[in-house]
Amino acid sequence: MDSPMIRVGIIQNARKIKISLRGDSYISVGTVEMHLEDKRELEIAVLRSKTPEPIYRVVTGELEDVTGLNDMKKYKIIRVGKKVKFSGKVVSDNRKYWVCVGEFEKMYAAEEQFDEISGISIIEDFIGERGGVIKITDSEGKEITEGEVLRIKSSSPMTVFDVPVGEGYHFEHSETQSFKGWLEFRINNYGGLVAINELPVEDYLASVNSSESNPDSPPELLKAQTVVARGTVFATVGKHHFNDPFDLCNNDHCQNYKGLVRETPRARQACSLTRGEVLKYGREICDARYAAICGGITEDYQNAWFGERKPYLSTIIDAEDTSEILEFYPATTEKNAKEFIDSMPDAWCNIVKSRVPDYLKGVEGFRWEVKYSRNEIEKIIKKKTGRDTGRLFDIIPLKRGNSGRIILLEVRGAKATFRIKGELSIRKALSRSCLLSSCFYIESGGGSITLHGAGWGHGVGMCQIGASLMAYNGMKYNEILKHYYKGTKIKRIY
Ligand SMILES: [Zn+2]
Ligand SMILES: [Zn+2]
């Protein structure tokens with residue numbers, strides 16, 4: 001569908017990538033174009049590469065304009081974001097300046113500085129030359145061509161094998177996926193291969209809305225999901241991946257995109273019915289975050305990602321009748337959090353209590369439990385944080401957000417006591433893969449530790465299961481969006 005083009009990173013770091021082409025295909029290297037006929041199995045590999053030095057910087061501010069900034073020499077200024085044009089018109093412009101300090105070799109050094117000056121984020125940057133040459137060979141190992149950037153397009157969908165899905169999460173696996181538009185291959189900052197799919201944003205969204213939600217979801221949910229996913233594209237393009245040769249990645253970090261497999265007629269219809277629509281807060285296109293299951297209360301943006309508060313990503317009670325949850329709200333104290341997690345409130349996302357459609361049956365995460373032996377959790381913490389607690393004495397939540405999600409946690413042990421900051425770091429530190437959420441309380445005794453939890457995901461913005469049940473109960477997509485994103489309006493940008 002004719003719309004602005006975007007570039008999605010589908011494989012971010014590989015030594016080799018296998019693809020399969022059918023029909024009329026073209027490979028471009030620079031200005032040279034080659035024609036391939038018939039079915040072809042191809043392999044792309046790194047021939048030689050230069051790897052720059054990775055370093056960490058602390059971002060202290062995000063500014064529209066840096067002309068008035070004193071002491072410019074103290075900072076490293078990085079221009080991020082992108083101006084997106086379509087049909088000769090600017091449809092969005094999220095360009096900003098990141099004001100950064102430091103050039104740290106080690107993450108912990110950057111973290112110390114981050115704590116000291118209350119930074120917004122820590123970013124990985126690179127110093128030195130990068131790039132290299134890649135080659136493409138056929139199934140017999142015969143080289144077809146080589147170059148810095150290879151671009152391929154075809155009259156039929158292009159198949160890419162072993163695309164990683166859910167890296168670092170409990171559902172990690174790889175898939176064979178197929179794509180339209182362009183496939184581009186080049187060297188990344190680590191000397192590995194990156195594969196990019198370049199395509200019109202409306203085609204991308206038709207896949208995202210049903211990669212992120214069940215394809216059988218009600219039409220109003222698919223429409224709501226499409227509007228927020230479209231907003232995420234234009235609000236974050238060129239920011240999350242300012243150092244990469246693509247705009248967004250294909251996983252949870254940005255948005256789940258699985259290529260053509262997920263593109264259904266219903267998904268397409270949700271796109272065309274909301275074509276060009278995004279959420280706006282004032283003049284700003286909303287970075288409309290969303291997560292699977294809030295658990296009954298959504299979280300404030302700044303508790304998941306630090307930085308400034310975003311009014312349209314403020315905590316809400318995710319229920320039609322809020323009274324039952326108000327008893328525990330805000331779930332910032334240990335008492336409120338425990339009682340909230342032990343309760344079974346009638347929230348929109350309560351799939352245990354509500355009458356649920358078939359496509360939601362078996363979805364877990366509204367309330368959950370994980371049990372470890374003391375020895376097991378000691379090992380996990382050591383492996384995931386790189387720090388040895390020795391005999392573990394206690395795990396203590398120091399700070400919780402309104403949804404009960406822990407944002408600062410202390411681990412006390414015989415050899416070391418230290419703090420873990422941020423919901424995602426906490427979820428990763430206490431699990432072999434990643435806990436469903438950081439909204440949990442700890443029960444210990446008899447040589448074991450049990451985490452009793454609520455919700456799945458960071459809990460900021462739209463609760464996908466809650467929204468799904470709102471749609472199932474007859475609510476319209478604009479009503480759903482109004483519930484989760486306060487003070488926003490739906491606007492059409494193309
Ligand atoms: Zn990403
Ligand atoms: Zn919810």
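This is a predicted model: local features need pLDDT of at least 70, side-chain atom pairs count only at pLDDT 80 or more; totals for chains, interfaces and linings use all residues.

**The open sheet and its surroundings**

Author: Nine residues from domain 1 and nine residues from domain 2 make up the contact. On the side of domain 1 that touches domain 2, four residues are nonpolar, three are polar and two are charged. Domain 1 is built from residues 5-50 + 130-281. Domain 2 covers 53-127, and domain 3 covers 289-463.

Now the sheet. Three strands form an open sheet in the order E21-E20-E30, and their pairing is antiparallel. Strand E21 (284-285) and strand E30 (489-492) stand at the edges. Each has a single partner strand, so one side of each is left without a neighbour in the sheet. In general, strands of a sheet pair through backbone hydrogen bonds.

Look next at one pairing. Strand E20 spans residues 277-281. E20 and E30 are joined by four bridges in the antiparallel sense. Leu279 stands opposite Ile490, a residue of E30.

Helix H3 (residues 219-236) lies across E20, E21 and E30. H3 runs at about 65° to E20.

Last, the confidence. The mean pLDDT of the chain is 93, and 100% of its residues reach 70 or more. Among the elements of the chain, helix H2 (residues 201-212) has the lowest mean pLDDT, 88. Helix H11 (residues 477-484) has the highest, 98.

Definitions and conventions: Residues are numbered from 1 along each chain as its sequence is written. Chains are lettered from A and ligands numbered from 1 in the order in which they are written. Domain bounds come from an automatic or database domain assignment. Two residues are in contact if their C-beta atoms, placed from the backbone, lie within 7 Å. Ala, Val, Leu, Ile, Met, Phe, Trp, Tyr, Cys and Pro count as nonpolar, Asp, Glu, Lys and Arg as charged, and the others, Gly among them, as polar. pLDDT is the predictor's confidence in each residue, from 0 to 100. Helices (H or I, at least four residues) and strands (E, at least two) are DSSP runs, numbered from the N terminus. Two strands pair if DSSP finds at least two bridges between them. Axes are lines fitted to C-alpha atoms, for helices over the stretch in contact, and angles run from 0 to 180 degrees between N-to-C directions.
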